[in-house]
Every structure is written in C-alpha cells, then in structure tokens.
Amino acid sequence: MKNNNCLKDFLKYSSLNVMGMIGLSCYILADTFFVSKGLGTNGLTALNLAIPFYSFIHGSGLMIGMGGGTKYSIQKSQGSHKYASRTFTSAVILAACFAVVFVLISIFLPGPAISLFTSDSAVFGMAKTYLRVIMLFSPAFLMNNVLLCFVRNDGAPQLSMAAMIGGSLSNVILDWVFIFPCQMGIFGAVFATGLAPIFSMLILSPHFIRKKNQFHFTKYRPEGSLIKGILSSGVPSLVTEVSSGIVIIVFNTIIMALEGNAGVAAYGVIANLSLVIIAIYTGIAQGIQPVVSRNYGRGDSRTVGTILRYALITMLIFSIGIYAVVFFGADQIAGIFNSEHNATLQKIASDGLRLYFTACPFAGFNVIISIYFTSTEFPKPAHIISILRGFLVIIPMAFLLSAIGNIHGIWCSFPATELLVAVMGILFFLSVRKKRIASHR
C-alpha cells in the first residue's frame, strides 16, 4: 500500500511538473519559431546571441525558488511553520536583490555585452533590443519562479502546472500577434515573452486570494545562515540553467568562426530544442523534490530511494523516445525553423541534432541526481556535478573536439561531457549512500 501511495505521489507531482516545464520552456521556443518565420536568419542569429542572458535570469529564479522551496518543504514536514514563512520572506528578498542587478544591466550594458559576439549591425540591433527588454522584465521572471516553487511545495502542483502552461500559451499567442499583425519585429517577440510570467502569477493568485497558502511574508531581520542555506540548496538549479547559457556563448563563438551566421542560426535550432528537452528532465527532478524533501524530513529513507528509482526509469523512457524522434525527424525539425530554405543551415542543423542529443540519458541522469542530493540536504555533490557539466568540462571539451572534428566535434562535446559527469554522479551517489548506511548503524 505504501508503494502504491509513493507511486501515486511521484506520478502526480512529476507529470504535472513535466507538463508545466515543457510549457515554460516554450517561452523561447515560440520566439525561435516566430522569429525564424518573421525575421529570417538574422533574427534567429540575434535571438540565439541574447538567449544566454535569459538563462541567467531563469536560473537565478530557479535557484532562489528551488532552494527556498526545498527548505520550506522540510520545515513544514517537521512542523516549523514560523521558520517556513521566514524562508519564503528570505526568498522574496533575494529575488528583489537579483532583480535590481538585472535591471541595472538592462539600462547600462546590453550594447557592450552583445558587441562581444557580433559586428553585424542588423544582428547587433535586434539582439540588443531583445536583451534590454528581457532584462527589464527580470523582476517578473524571478518572482514567478519563486511563487511557482513555493505553491508546488504548498500542496498545489496542479495550480503550479496551470500557471506555467498558461503563461507559455499567452507567450505563443502574443508572439504571433506582435510579430505578424502588429509588425513589431524582435521587440514584439521579447515583449510577448516578458508578459508571460505576469500571466502566470495571475493564475497563481487564487492560492493567495482564497488564503490557501501556508507560507506568508513576515517581518523579521534576514538571517545569513538561512539565506546561505537557500542559495546553497538552489545552486545546482542555477548552474543547470546558467550552464546552458554559457555553453551557448562558447558554442556561438566557435561556430561563428567555423560556419558564420548560418552555423549560429543552425545552433539556435539545436539550443532551443535542447531547452525543451532539458525542461522535461528538470520537470521530473523538480516534481520529485517536494516528495523527496517531505519524506527526508520525516526520516523515511526507503521512500526517498523508491522515488529516485521511479524518476530515473521515467527519465530513461523519455530519453529513448526523444532520441528516436530527433534521429528520424532531424530534417523535418530543422526545416520548421529554416523559413529561407538555407541549404547550409539545413545540413548543419540536421547533422547537429543527431549528434548533440545522444547526450539525452546522461544529461537526464545528471539533472535528476543533482536535485536528489539538494532535496536531501546533501548539496556538495550536486554543486560539483553542476559545476563540472556547466563550466569545468564542457568548455575545454568544446575547444578540444572542435579542433579535432570542426563542427561535428562541437556537437559531440555535449554528450561527451554529460557522459563523463554521469560517471562522476554515480560514484558520488554510491559514496553518499555508503555514508548514510554507516551513520544509521
């Protein structure tokens, strides 16, 4: 009976969160599709140059939301409701601090940041506009991520999913309206994206209006230890998102030298599809977080292990299905975003899709195991895994394999990195399990 309840909780939280995360990731995918149709290769290149900066915003929001949500869930399961509300308050204050930084960047630094990656005036102008507007909307993105995580951990995963999907659907509809009927160009695309988290928070609002929330904003002096704990638990979520942005920056630089604008545009197709696929794995990981944290807080290690096993099996099933679709449909997927029928873009993107996404099962394992470690208050292995795949391995791997195999080497650097880090993740898991078994004797 207990296993049935465990499976029911896993399916409830993970399925809802996967659907929600797919919807959330469609913010940028919708931009990619409509920009490719309305603004061609230059627009697609500009979008791909600006996307990494969005990853920093989204990653910061997830760091605060996931870190705070994990702490909140554990405290609530232990009956510490006063400290749970303090955790929410600290998360809101952190989000406000990060928002100030991003808004200042939007005012003073968008031009210099984009000029590092392109000298093409048309591409520069569009990328600068996208970056400036997306940064100005950073307060909405950050607060939306915090509220989504806390509402999910507050026993309302359905509402959290509805908010993510609702925000994404608003983005898709407004993208089309602003780019085509309104002829607003790249500004229309980014304006639609910026409005999406506002719609999402409106959908979340009944949870507070009807006073169903068990967390509240409370007056207290922020504690350094609590803020440090939130950030520490959320760092893997930040690194997972930010690493995708850093990878895009590094890959853009190398690909621009190898293949020019067509190569960067082709990589834009791959990078944006990657955001959706990683969102599926993130959805599974974030879905198990409330269940794992709750049972960990109760001292139920057997249920924690069962939930992790369910997550990994689900991830493998998704990975097989995803790669089958990508392998056999690579030409069609590339064609969707190739409105100008650019033969070079088509060839680069098709080959890249088939090579790049061999990483699926390894990337999925790394995302899930990182969240598992932080959900059980063991963040150090998660930090190491996240930093290895986000910085220390992928960047030198990209330069090394591109020097050996040119553009094909670039595509292979991602799966090679994820495989290497997955091996490290298994070793960490075995080590942590051994220590926990020893501590219970």
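Me: Is arginine 389 buried or exposed?

Reply: A residue is called buried under 20% relative accessible area, exposed over 50%, and partly exposed in between, using a 1.4 Å probe and protein chains only. In this predicted model, arginine 389 has a relative accessible area of 7%, so this residue is buried. Two conventions apply: the model is predicted, local features need pLDDT of at least 70, side-chain atom pairs count only at pLDDT 80 or more, and totals for chains, interfaces and linings use all residues. Residues are numbered from 1 along each chain as its sequence is written, and side-chain values use heavy atoms, with hydrogens and water left out.

Me: With which residue does arginine 389 form a salt bridge?

Reply: A salt bridge is a side-chain nitrogen of Lys or Arg within 4 Å of a carboxyl oxygen of Asp or Glu. Here the partner of arginine 389 is glutamate 418, with the closest N and O atoms 2.9 Å apart. Glutamate 418 belongs to helix 14 and arginine 389 to helix 13 (residues 379-392), so the pair ties together parts that are 29 residues apart in sequence. Glutamate 418 is buried too, because its relative accessible area is 2%.

Me: How many salt bridges does the structure hold?

Reply: There are three salt bridges. One of them joins arginine 354 to aspartate 331, with 3.8 Å between the closest N and O atoms. This pair links distant parts of the chain, since arginine 354 is in helix 11 (residues 343-356) and aspartate 331 in helix 10 (residues 301-336), 23 residues apart. Arginine 354 counts as partly exposed at 24% relative accessibility, and aspartate 331 as partly exposed at 40%.

Me: Which side chain meets that of lysine 347 in a salt bridge?

Reply: An α-helix has 3.6 residues a turn, so residues three or four places apart point the same way. In this case the side chain of aspartate 351 meets that of lysine 347 at 2.4 Å, N to O. The two are separated by about one helical turn because they are four residues apart in helix 11.

Me: How many helices and strands are there in the protein chain?

Reply: Helices (H or I, at least four residues) and strands (E, at least two) are DSSP runs, numbered from the N terminus. The protein chain has 14 helices and zero strands.

Me: What does threonine 417 touch, apart from its neighbours within four places in sequence?

Reply: Contact means heavy atoms within 4.5 Å. Threonine 417, in helix 14 (residues 394-439), is in contact with Arg389, Val393, Ile394 and Met397. At 1% relative accessibility, threonine 417 counts as buried.

Me: Where is serine 90 placed, and which residues does serine 90 contact beyond its neighbours within four places in sequence?

Reply: Serine 90 is in helix 2 and is buried, at 1% relative accessibility. Beyond those neighbours, the contacts of serine 90 are Tyr220, Leu226, Ile227 and Ile230. Serine 90 and phenylalanine 217 are 127 residues apart in sequence, while their C-alpha atoms are 8.9 Å apart in space.

Me: What share of the residues in the protein chain is buried?

Reply: Buried residues make up 58% of the 441 residues. Along its principal axes, the C-alpha trace spans about 60 × 45 × 35 Å.
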